[in-house]
Amino acid sequence: MKLQAGSPSPRRESLAFLGRFGVLLVLFYVGIALRPVNDAVVVPFTAAIARVSGAILNALGEPAAVAGTDIRSPAFAVQIENGCNGLETVLLFAAAVLSFPSPWKRRLAGLVLGFAAIELVNLVRVVSLFWIGVHRPALFSASHTVLWQSLVVLFGVLLFLSWAARARPAGLAAAEPRP
Amino acid sequence: MTHRRGLGRAAVLRALAGFALALAFWFGFRAPYERLLASAAEAVLRATEQPAVTRLGVGDGEILVERADLPPGSPRPGLPAADLHFNLVLLAALFALDPHPLDGRRVGALLLGCLVLFAMHIAALVFQVRSVYAASLGPWSAEHYGAAARNFWTGGFHFYEVAGRFAAPFAIWWWLRREDEGRVGGSRSRNRR
């Protein structure tokens, strides 16, 4: 691998990426942790996820009623909380995309497409967890805490790596992810 | 040097296989890991409190908080343990992304990453216990913790819950693989000379 003259070393660039990533993560966290933002954005967004999940469950023949962020059926009920709305993975993905050296147009495209893809996978997660809660309740806890949370985050990281491998300008190859 | 555009299918398959293996390993070893974690966090808590009264136990997937000065018969807080440390699975899956995950150097990097994550788990558990002390014990909390301390401990743990526990494995993996790539690149350059 050849570095361009004047370009920072991979190690330095990597450290700079992690620094930007950490700062953005803290800023995003503070943003969504503020009560007005939580009440005006996060809770309505979570309720929308509950409504879409309820509609999908009903379409799949699994009766479910939605009230606010709750999804209920005669056999099982679940409340979609902050950890279940996919926003943690979106924060991680957004902080990584915005920290990565790439043209702004590509970053914005990555943010929009990544947000949509992560929330789509999160919908699959919510619907499948509800189904597990109804039909295999013994598996719900492990599926909820460990399996699906990790899979959604892993999906977000793979999505970022895939985007980063395409988004980096050709002249700046030093920090291109090459898994 | 040729650059493949995008993430290879083989890398994704390796990550999923690593995820499955790590998950099985995690289920098998979570109980002893939780005992180790509770002991380490207890040592930190007792070293930083006056008098040293905290005892941490493990039971049924929870870290049980015991204080010698709590009234007998009062409920003891139980903290969900898996939430703290299941990100070990994510770390292993990320290391499996690399082209030669079983190479000695990569395994060494993974072990180092696990060690760093273990230190983060200790810190997270200390923050969690302190946030319980600061905010969940009613009048006792109000008497012993001011507003700034309450915000520090509860905010610190909430940050770990929302962002830190997912970001930590990614940041550790990113840093350690960069370190390793730098070393590999350096040795190859010397060989060519």
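This is a short tour of a predicted model, stop by stop.

**Before you start.** Residues count from 1 along each chain as its sequence is written, and chains are lettered from A, with ligands numbered from 1, in the order in which they are written. In this predicted model, local features need pLDDT of at least 70 and side-chain atom pairs count only at pLDDT 80 or more, while totals for chains, interfaces and linings use all residues.

**Stop 1: chain B as a whole.** Select chain B. Six helices and three strands make it up. Helices (H or I, at least four residues) and strands (E, at least two) are DSSP runs, numbered from the N terminus. Follow the chain from that end: the order is α-β-β-β-α-α-α-α-α. Chain B has 193 residues, and 37% of them count as buried. Buried means that 20 or more other C-beta atoms lie within 10 Å of the residue's own; 12 or fewer means exposed, and in between is partly exposed, with C-beta atoms placed from the backbone.

**Stop 2: the sheet of chain B.** Select the three strands. They form an open sheet in the order β1-β2-β3, with antiparallel pairing. Strands pair if DSSP finds at least two bridges between them. Look at the edges: β1 (54-59) and β3 (78-80) of chain B each have a single partner strand, so one side of each has no neighbour in the sheet. From one strand to the next, the twist averages 30°. Now zoom in on β1(B) and β2 (residues 62-67) of chain B, which share six bridges. Find B:Gly57; opposite it, in β2(B), stands B:Leu64.

**Stop 3: two helices in chain A.** Select α4 (residues 104-135) and α5 (residues 140-167) of chain A. Their axes are 10 Å apart, at an angle of about 160°. The two helices are therefore roughly antiparallel. The cut-offs are under 35 degrees for roughly parallel, over 145 for roughly antiparallel, 65 to 115 for roughly perpendicular, and oblique for the rest. Show side chains: A:Gly110, A:Gly114 and A:Ala117 are among the α4(A) residues that meet α5(A), whose own include A:Trp148 and A:Trp163. Contact means C-beta atoms, placed from the backbone, within 7 Å.

**Stop 4: a buried loop residue.** Go to A:Ile80, in the loop between β3 (77-79) and α3 (87-99) of chain A. It counts as buried because it has 23 C-beta neighbours inside 10 Å. Beyond four places in sequence, its contacts include A:Thr46, A:Ile49 and A:Val126.

**Stop 5: where the chains meet.** Show both chains. The contact takes 33 residues from chain B and 28 residues from chain A. Which helix gives the largest share of chain B's side? That is α6(B), with 14 residues. Finish with α5(A) and α1(B), whose axes are 12 Å apart at an angle of about 155°. That makes them roughly antiparallel. A:Val146, A:Ser150, A:Leu154 and A:Leu158 meet B:Val12, B:Ala15, B:Phe19 and B:Leu23 here.

Note on methods: Axes fitted to C-alpha atoms, helices over the stretch in contact; angles between N-to-C directions. Contact = placed C-beta atoms within 7 Å.
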